Amino acid sequence: MSMQKAGKNQCIVISGESGAGKTESTKLIMQYLAAINKSSSNLITEQILEANPVLESFGNAKTIRNDNSSRFGKYIEVYFTNGSITGAKTTDYLLEKSRIAHQAPGERNYHIFYEMIEGMSEGEKAKYGLRHASNYRYLNQVCIWDYN
C-alpha cells in the first residue's frame with residue numbers, strides 16, 4: 001500500500017558493510033522520490049538532491065577499501081503534502097572524529113579539506129592564510145594531496 005493511500009509515515013533503513021553501496025542506494029532512492037514528486041515546481045526537490053554532495057564532502061574520505069567512503073551516518077526525513085515534496089531535513093553525525101587528527105596508511109582526511117584548498121584561487125588562499133595541502137600535518141600524513 002502506498003504512503004499516500006495509507007496516510008502513514010514510512011521508513012527505509014539502508015545498512016551494510018563498508019563499500020556495500022549504501023551511499024549510492026541512498027542517492028537512487030532520493031532520485032526516485034524526486035521522480036514521483038507531484039509538485040508543479042522542482043525547486044525544493046533539486047535543492048534536496050544538490051545538498052548531498054556537500055554533505056559528502058564534509059563526511060566522506062578516502063579509505064583503503066573505498067575512495068569515497070562515508071565516515072558518518074545520516075538520517076533523512078522527506079516531507080510530503082498530497083504527493084508533493086514540501087521539504088526535507090537531514091540529521092548527520094560524525095562517526096569517525098579521530099580521522100581529523102590521524103589517518104591510517106593509504107587513507108586521507110575528509111574530502112572538504114582538500115577540495116577547499118584545491119578550489120581556491122591563490123588570492124583567496126592568501127586572504128585566508130592558506131597554502132597547499134602538503135603544508136598541513138592533518139592533510140599530508142599519507143602524502144596523497146591530489147583530490148582526484
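Reader: What is the mean pLDDT of the chain?

Author: This is a predicted model, and pLDDT is the predictor's confidence in each residue. A value of 70 or more is reached by 92% of the residues. The mean pLDDT of the chain is 84.

Reader: How are helix 2 and helix 3 oriented to each other, roughly parallel or roughly antiparallel?

Author: Helix 2 covers residues 22-36, and its axis lies 9 Å from that of helix 3. The angle between the two is about 170 degrees. Angles over 145 degrees count as roughly antiparallel, so helix 2 and helix 3 are roughly antiparallel.

Reader: Is the crossing of helix 2 and helix 3 left-handed or right-handed?

Author: The angle of about 170 degrees describes how the two helices pack, and the handedness is a separate value. Helix 2 passes helix 3 in a crossing that is left-handed.

Reader: How many nonpolar, polar and charged residues has the contact of helix 2 with helix 3?

Author: From helix 2 come Thr23, Lys27, Met30, Gln31 and Ala34. They meet Thr45, Ile48, Leu49, Asn52 and Glu56 of helix 3. Sorted by class, the contact has 4 nonpolar, 4 polar and 2 charged residues.

Reader: How do helix 3 and helix 4 lie to each other, roughly parallel or roughly perpendicular?

Author: Their axes are 5 Å apart, and the packing angle is about 105 degrees. Angles of 65 to 115 degrees count as roughly perpendicular. Helix 3 and helix 4 are therefore roughly perpendicular.

Reader: Which residues make the contact of helix 3 with helix 4?

Author: By class, this contact of helix 3 with helix 4 divides into 2 nonpolar, 2 polar and 2 charged residues. On the side of helix 3 they are Glu56, Ser57 and Phe58, and on the side of helix 4 they are His111, Ile112 and Glu115.

Reader: What covers the buried residues of helix 4?

Author: Helix 4 spans residues 111-119, and its buried residues are His111, Ile112, Tyr114 and Ile117. The cover over these residues includes helix 3, strand 1 (60-61), helix 5 and helix 6 (137-140).

Reader: Does Met116 count as buried or partly exposed?

Author: Met116 belongs to helix 4. Its C-alpha is 9.6 Å from that of Ser57, a residue 59 places away in sequence. Buried requires under 20% relative accessible area, and with 38% relative accessibility Met116 counts as partly exposed.

Reader: With which residues is Ile44 in contact, leaving aside neighbours within four places in sequence?

Author: Ile44 lies in helix 3 and, at 32% relative accessibility, counts as partly exposed. Ile44 and Ile85 are 41 residues apart in sequence, and their C-alpha atoms are 7.2 Å apart in space. With those neighbours left aside, the contacts of Ile44 are Ile85, Thr86 and Gly87.

Reader: Is Ser84 buried or exposed?

Author: Ser84 is in strand 4, residues 84-94. Leaving aside neighbours within four places in sequence, Ser84 is in contact with Asn37, Lys38, Ser39 and Tyr79. Buried means under 20% relative accessible area; since Ser84 has 17%, Ser84 is buried.

Reader: What phi does Asn82 have?

Author: Asn82 is found in the loop between strand 3 (72-81) and strand 4, and at 69% relative accessibility Asn82 counts as exposed. Most residues other than glycine have a negative phi. Asn82 is not a glycine, yet its phi is positive, at about 50 degrees.

Reader: Which residues does Lys22 touch, not counting those up to four places away in sequence?

Author: Lys22 is found in helix 2 and counts as partly exposed, at 28% relative accessibility. Lys5 is 17 residues from Lys22 along the chain, and their C-alpha atoms are separated by 28 Å. With residues up to four places away not counted, Lys22 touches Ile14, Ser15, Gly16 and Glu17.

Note on methods: Residues numbered from 1 in each chain as written. Predicted model: local features only at pLDDT ≥ 70, side-chain atom pairs only at ≥ 80, totals over all residues. Heavy atoms only, no water. pLDDT = per-residue confidence, 0-100. Buried < 20%, exposed > 50% of the residue type's maximum accessible area, 1.4 Å probe, protein only. Helix = DSSP H or I, 4+ residues; strand = E, 2+ residues; numbered from the N terminus. Contact = heavy atoms within 4.5 Å. Axes fitted to C-alpha atoms, helices over the stretch in contact; angles between N-to-C directions. Parallel < 35°, antiparallel > 145°, perpendicular 65-115°, else oblique. Left-handed = near helix turned anticlockwise from the far one by under 90°. Nonpolar A, V, L, I, M, F, W, Y, C, P; charged D, E, K, R; others polar.
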